[in-house]
Each structure stands twice: as C-alpha cells, then as structure tokens.
Amino acid sequence: MNAPAEIVKVIASQPHATLGYKRFTLGSFTFRRDEYFAHIEWKTRDGRALSHTMDAGNYLRALMRDVAWGFFYGWVNFDHMIGTVNLFTTVDFFAGSYNQTMKAAGVDRLENFPTEEIGATFAAMLDDWTNETFDPFSAPQETGTPYGRKNGNNTAKITRARELASRCVGLKGDLNLRTDERGAPINRAFADVPQNEPELHPEPGFENEVHAFNLFAFLSRSQVTWNPSFTSVVKYSFMCPTTEEHILPIVHGNDRVEWFFQMTDEIHWDCAHKETGKPLARVIMKAGDMAAMPAYCRHQGYSPKRSMLLVWENGSPTLVHEIQQGEAPEVPVAF
Ligand code: PHB
Ligand code: FE
C-alpha cells in the first residue's frame, strides 16, 4: 500500500452530487455508499447482475481492519458474503465464494488482484467513506455515527501506525510503553488495572537482553478495539494482545492454527467451517481460558464488556504451504 500513486491506479468516480461519496471499481466489482449502506455489485459467473448490501458502519469497521492489517492471515470475511483472501503477493476479493448456498447457486464471483492495487483502492475507499464523526477502530460507545451524507474525513484515525514490536515492548529502540503523555490514557473500563512496572535487575551488559513489562497496564491504555499489536516477537512466535469490545468486525478464516488466551472478562465466539460457513461451535471464553482455532475454521467474537485477549500467531511464511502439503497439522493437538 506504499506503492506510488502513479503506478497503482485507483478507479473512482467523481463525488455523488447529493450524497458526496465516490463510487469505486475493482475489476468487475463496483462499490458505492449512501447514507446508511455500502453496496457491492458484480456479475455472476453466468453474466447476471447481483448485489450485496452491508450497514455502512459494519462495512467501514471491516474495511478498516483489512487495510490496517495488510489483509491479515487467510480470509477476512466482511460478513457471510464478501471478503478477501490473502495470498501474500496477491489478494482475492470474493462475493459468495465461501457461502455454500451462493456458491451452489452459481451466483458467486472471485477475482484476484495485485496486493498494491486492492490495497490502494481499499485505502482510498476507507478515506472517502469515513466521515469526521466516525472512528472505525473505536468501540461503538466511544465514537460517533458512521451514517449520513459525506461530512469531512477522519484520516488521522484511519491511518494509525500498526503497533508492532520488533523484539519486545519497552526495550531500547523498540515500541514504547503507552502513557498519558504519548496520547494513551487508561480506558474507562480498565480504571482499576494496576499501573506499576516490574523491577528489573539485569547484570551489567545485559540491560538490553533481560526485560519485562506490565502487559495489563499496556492493554488498559489501548485506544482501539479488535486490533492486535505485536508485544513480543521470538522468531515466528508473535504475541498479539488486543482489547475487545462489541463485535469483531470481520469473520476471520484461518490459514493456520491460532491460539486465544482470554486475559480478562469474556468473549463468545461463533466458529464455522471456513469454506462453507457451516456452523461448527460456540466457544464461551472466560478470564483465564485458552482455546485454539484450527486452520479449517472461521470465527467471530462478541465481547459484552471491554476485555483483554492475547492472540498467539505462528508467523512462519512457509506454514500455509506446509499445511497444504500435509507436513503441518490443521489442529494444534491430536488426541
Ligand atoms: C482473529 O481473527 O483471530 C482476531 C482478530 C482480531 C482480534 C482478535 C482476534 O482483535
Ligand atoms: Fe483469527
């Protein structure tokens, strides 16, 4: 998404005369928004015109994650109909392709795009369609309305840098701890979280090797929801904690096993088969619970109160291939 604008062409209309929003084209898909909805239109494989409608707030919350995460791992389903698949240099955009009913009816469509092209188109759409009243990363109680005619932009909030430690939060030269001064006050839901930092007594010469920090305090100061940051990285082991409130705006389809550790409060997960959407499980996670999401599932979480969740990712670039070859398992453990 950092490719120069002159190389990556974003196809957008002039702003709509009344509503003020642009219409975007990506391959044979078109995207437009009105006061309440995002509309996606395409031609089915047998040439019929089809369309899909999403609430504008839900659409922008999903689009925000897809853009900020560079299309994440595997599938980012915006809902039961549309979404993206990250193939790492290219990205599929699909409508109905992972919905058993739509696929069986032959009304689905999937097209593949260079990552830069879909990334630039999505980033431009997110910027044009997000009004100054709405922050798609905020909990619904902490932001204004996404609805109405075009009313300014919220570019600063939709281009937040992703917080990625290269070794560990708080190490010299690495991602900073969060403080009031750095614009990260304690969230209303975490007013009771102790803020004291651990004592460190490394031997001289090891100050940059021995390290610890208060992860609860760090998370209590998260300004956003459903946005895993990297707090520690050891080879391909990525600790990705995040604070959650309301609904995970995407339905994530795994391309690998992924672990969840519920650090506080609770999250209810709906799990389904990633290819068909067939429901598989409800997982009610309470503080202290751990779960692993197998590589064949999709999942969406509901957090009734702001909660802390540790997502543990295996970032190995060869893992998807190994799973496809049967060299790595789709499940974390076989009994
Ligand atoms: C996930 O899809 O596993 C996921 C994504 C974002 C979160 C939590 C979990 O904040
Ligand atoms: Fe996931």
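Reply: Happy to! Keep in mind that this is a predicted model. Let's begin with the largest pocket: 33 residues line it, and Arg 160, Ala 161, Arg 162, Glu 163 and Asn 227 lie nearest its centre.

Me: Which elements give two or more residues to that lining?

Reply: Helix H1 (56-68), helix H3 (115-129) and strand S11 do. The space in this pocket comes to about 610 Å³.

Me: How do the residues of the lining divide into nonpolar, polar and charged?

Reply: The lining has 16 nonpolar, 10 polar and 7 charged residues.

Me: Now the ligand. Where does ligand 1 sit?

Reply: Look for a cavity here, a space from which a 1.4 Å probe cannot get out. Ligand 1 takes up the space of the largest cavity.

Me: Which residues come nearest to ligand 1?

Reply: There are 15 residues around ligand 1, and Trp 226, Glu 244, His 252, Glu 258 and His 299 come nearest. By type, this shell holds 9 nonpolar, 4 polar and 2 charged residues. Strands S11 (237-247), S13 (258-262) and S17 (297-314) each supply at least two of the shell residues, with the largest share, 3 residues, coming from S17.

Me: What should I look for in polar contacts?

Reply: Look for N or O atoms paired within 3.5 Å. An oxygen atom of ligand 1 lies 2.6 Å from a side-chain N or O atom of Glu 244. For His 252, the corresponding distance to a ligand oxygen is 3.0 Å, and for Glu 258 it is 3.0 Å. As for cover, the protein hides 100% of the 280 Å² of accessible area that ligand 1 has on its own.

Note on methods
Residues are numbered from 1 along each chain as its sequence is written. Chains are lettered from A and ligands numbered from 1 in the order in which they are written. This is a predicted model: local features need pLDDT of at least 70, side-chain atom pairs count only at pLDDT 80 or more; totals for chains, interfaces and linings use all residues. Side-chain values use heavy atoms; hydrogens and water are left out. A residue is near a molecule or strand if one of its heavy atoms lies within 4 Å of it. A polar contact is a pair of N or O atoms within 3.5 Å; within protein, one must be able to donate a hydrogen and the other to accept it, and residues adjacent in sequence count only if both atoms are side-chain atoms. Accessible areas come from the Shrake-Rupley method with a 1.4 Å probe; for residues, only the protein chains shown count as cover. On a 1 Å grid over the protein atoms alone, a cavity is a set of points where a 1.4 Å probe fits but cannot get out, and a pocket is an open set with protein on both sides within 12 Å along at least five of seven lines; lining residues have an atom within 4 Å of a point. A molecule sits in a cavity or pocket if more than half of its atoms lie within 2 Å of its grid points. Helices (H or I, at least four residues) and strands (E, at least two) are DSSP runs, numbered from the N terminus. Ala, Val, Leu, Ile, Met, Phe, Trp, Tyr, Cys and Pro count as nonpolar, Asp, Glu, Lys and Arg as charged, and the others, Gly among them, as polar. Grid points are joined across faces, edges and corners, and a volume is the space filled by probe spheres set on the points.
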